[in-house]
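Good morning, colleagues. Please take a moment with the sequence and the model before I turn to selected contacts.

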Amino acid sequence: MFDYRNNLKRILNQTAGDEKSLKNGLAAIKLILGMTDNAKQSNSTGKDKNTVEIDLQQLNLLLTSLTQLITNPANISAKNTALSAAQKLTLAQGINTEYRQNLVDLKEAIKSIKAPKDLIDKKVFEHALETPKAPKRDYRKGKRYTVVRLLSGCDLINDSNRTVYTLKESQIHSLNLKSGDIVEAVPEEKSSHYEATILRIVGYRDLPSMEVDSISTFKYAVVQGRTGHLAISRNAQGKKLRVHGKAVLLPVDSSKYWDENIKLVDGSIVDLAWYDGDVRLKKNPAEAIQIRWVYQIEQSRQTSANKKKKSGTESKKADLPKLAMDLHYQRVGIAIGNNQNEAMLEGIVNRYDGIPIPIDAFQGKKKVIENQIKDLDIVILVTAYAAHDSTWNISEFASKYHIKFAVSSSKGYQAFERALYRAEKGLPAYEGNQAISYDIAKE
């Protein structure tokens, strides 16, 4: 409390007996007494005001959280907020015992609130239906690396030529990366299967040939054969598989393929890759050439399509014995026009493990005819379906490129099958009146 006695003593000692001095002294005393009383009231009022504000704030927080908790008993955040507000109210000064005990009982009641099972199940169900938000890529965090392509996947190297990350083919195949590409990448934290994720391609730089192994690729290669006897000789465009200029028949062991979830079967489409400097390419290319990628194709559709094509020949196959012939996935050009009777003739080629390639024999342009047959192994000309000038062109180019050649003058099943046999065995191209023996396959 403010001690005002010394001030009063000084005022009284300086006050004279005249009327003016007495009035001034009285005014000074009133002023001091008034200041002291106001200061006391101000301090007392300010303290009470602050206490009320704190109580009202906590009380409002308690009521709000209790309302949320009653609406949703599974709201853990509202439950914790209500308990915290009740606890602070019990510690407030100046409250009576009954008020404090009521707050303690309220805390216990809040603690005992449990969400019903059906409400928990509903919350879990709603959480399961929520669409996961795609992670935002922060391009500011990406560091720059240079790509060094591998047979499958790639390495990301830094400026010191040190390999920082190795990425799988599944991460980069769609990006069509090549050695020397500069990319921005961030370490992968959520997936333990990948080391890093590429954000974008930002440039390219030439890498010294001494630091990067040269890689050759063969895209869209077609797997042919049956289970246990699969091989690759060409791609989907008809281009032969060549290594150092030499045609190669590559056996395929599906059990050694890197992805167990994808099985290689007849008709699968794959990408191949190999190091140009691999010494195994000369003696055993199968050890050096690796399958880089398998394209997802619907085998069921292919199977059903093949069944439709073969449906017209099934009855004839049952009646005719199979000839002693195996084409070993050679490309057989069927010179016909406008896809006439194509399904039946292709079915015959497939029956002997060949790859049928239709040739439009109504197309008279020599260059077009030449481009169609120059990479084939066998050409069968069906004269009933071919234009006269095309017949001479096909025969000419078959001789020029040393392609096995035979003529089927009839559109019948057996006539075409026998022409195919003659071409494969090196017999006369025309049957005519000659007596040619067609060996039957042993059962």
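**Salt bridges, a helix pair and a surface patch**

At 48% relative accessibility, Leu-63 counts as partly exposed (buried means under 20% relative accessible area, exposed over 50%, partly exposed in between, with a 1.4 Å probe and protein chains only). This is a predicted model, in which local features need pLDDT of at least 70 and side-chain atom pairs count only at pLDDT 80 or more, while totals for chains, interfaces and linings use all residues. Residues are numbered from 1 along each chain as its sequence is written, and side-chain values use heavy atoms, with hydrogens and water left out.

Leu-63 belongs to helix α2, residues 19–71 (helices are DSSP runs of H or I, at least four residues, and strands runs of E, at least two, numbered from the N terminus).

Let me turn to the salt bridges. The count comes to 11, the criterion being a side-chain nitrogen of Lys or Arg within 4 Å of a carboxyl oxygen of Asp or Glu. Which residue forms a salt bridge with Arg-351? The partner is Glu-417, with the closest N and O atoms 3.2 Å apart. Glu-417 lies in helix α13 (residues 413–425) and Arg-351 in helix α10 (residues 342–351), so the pair ties together parts that are 66 residues apart in sequence. Glu-417 is buried at 3%, and Arg-351 is buried at 13%.

In another pair, Arg-280 meets Asp-278 with the closest N and O atoms 2.8 Å apart; Arg-280 is partly exposed at 37%, whereas Asp-278 is buried at 16%. Finally, Arg-144, Glu-184 and Arg-200 are joined in a salt-bridge network.
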